[in-house]
Amino acid sequence: MVAFGKRGIYKTPEQLRLMVRPGLATAASLDAVRAAIAPGVTTAELDRIAEETIRDLGGQPNFALVPGYRHTICASVNDAVVHGIPDDRPLEPGDIVSIDSGAEIDGWNGDSAITVVIPDPDRPELVAERQRLADAGEHALWAGIAALAGARHLNEIGVVIEDAILSRGEFGILEDYIGHGIGRSMHEDPPVFNYAVKHNGPAVKPGLAVAIEPMITLGSNETRVLDDDWTVVTTDGSAGAHWEHSVAVHAGGIWVLTAEDGGAAGLAPFGVTPTPLA
């Protein structure tokens with residue numbers, strides 16, 4: 001375990017620059033998957049699309065490097081919040097689909113997630129409710145990233161994320177699954193909380209690279225893992241949403257590694273302008 005605040009969790013400027021390519025490959029895979037999500041498409045097909053995109057950009061799927069997992073993405077549908085395994089069940093109108101993807105290039109990692117609600121003209125109220133959930137998660141993600149730009153300690157952003165979520169409604173915030181550091185490994189120290197905790201966490205300073213990922217539900221935050229040992233579902237059957245970006249802190253500011261524009265569009269409503277890595 002790397003001690004918080006020690007040099008071990010901070011990257012050099014050159015190391016942060018090496019994280020740009022896997023971040024962009026991850027972003028491209030999610031763009032391709034988002035464009036393909038539709039009724040009748042299977043999550044196994046989405047998995048193949050993501051893999052092809054990452055490999056075409058010179059990377060390899062880092063999820064497939066996790067022992068016991070062989071897919072490019074996690075595809076979590078409806079009451080599955082995270083870690084869903086791609087399969088051959090066709091997506092249906094009204095489904096809420098969270099896709100988590102990651103790429104490794106030259107030993108460095110990217111990790112990001114999106115949530116998409118499939119339109120259903122026969123169930124507009126269901127779609128509206130699920131879209132409200134997805135929007136709350138995305139809003140909280142960008143609020144947390146914006147907070148990172150001015151934070152002194154990492155756990156300040158958990159307070160902001162929690163407040164941002166609850167400002168949009170009474171959503172459940174998962175506590176057993178949180179964000180993390182990222183770099184040579186997809187999951188590194190330090191932990192990145194999506195809610196307020198008592199300790200400050202490590203200093204936010206140049207070299208910090210973290211994956212911020214709020215995970216929320218329409219009901220309780222209680223979850224269980226299915227017999228496949230991966231898929232995390234809500235115990236009350238409520239729908240879930242998952243958003244994530246990998247973000248670098250550097251001498252000039254912050255840069256969202258898994259967004260093609262560095263996060264400019266998502267951060268603009270918060271008055272934050274990302275700065276490219278020099």
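**From the fold to the charged pairs**

Modeller: Happy to. Of the contacts in the chain with a separation of 6 or more, 68% are between residues 24 or more positions apart, a contact being heavy atoms within 4.5 Å. Before going further, note that this is a predicted model, where local features need pLDDT of at least 70, side-chain atom pairs count only at pLDDT 80 or more, and totals for chains, interfaces and linings use all residues. Residues are numbered from 1 along each chain as its sequence is written, and side-chain values use heavy atoms, with hydrogens and water left out.

The chain has six helices and 15 strands; these are DSSP runs, numbered from the N terminus, with helices (H or I) of at least four residues and strands (E) of at least two. Its radius of gyration is 17 Å, close to the 19 Å that the globule rule gives for 278 residues, so the chain is as compact as a globular protein of that length. That radius is taken over C-alpha atoms, and the rule is 2.2 Å times the number of residues to the power 0.38. Buried residues account for 55% of the 278, where buried means under 20% relative accessible area, exposed over 50%, and partly exposed in between (1.4 Å probe, protein chains only).

Now to the charged pairs. Side chains of opposite charge can pair when their charged atoms come close. Here there are six salt bridges, each a side-chain nitrogen of Lys or Arg within 4 Å of a carboxyl oxygen of Asp or Glu. One of them joins Glu-188 and Lys-11, at 2.8 Å from N to O. This pair links distant parts of the chain, with Glu-188 in strand 8 (residues 188-192) and Lys-11 in the segment before helix 1 (13-18), 177 residues apart. Lys-11 counts as buried because its relative accessibility is 11%.

Another bridge connects Arg-123 with Asp-120, whose closest N and O atoms are 2.7 Å apart. Arg-123 is partly exposed at 38% relative accessibility, whereas Asp-120 is buried, with 9%.

What lies in the nonpolar interior? A nonpolar core is a set of buried Ala, Val, Leu, Ile, Met, Phe, Trp, Tyr and Cys residues joined through side-chain atoms within 4.5 Å. The largest has 57 residues, of which Ile-99, Ile-145, Leu-148, Leu-208 and Ile-212 touch the most other members. Helix 4 (residues 124-150) gives the largest share of this core, twelve residues. Leaving aside residues up to four places away in sequence, Leu-148 touches several residues, including Leu-154, Val-204, Leu-208 and Ile-254. Apart from this core lies another, of nine residues, with Leu-16, Met-19, Ala-248 and Trp-255 among them.
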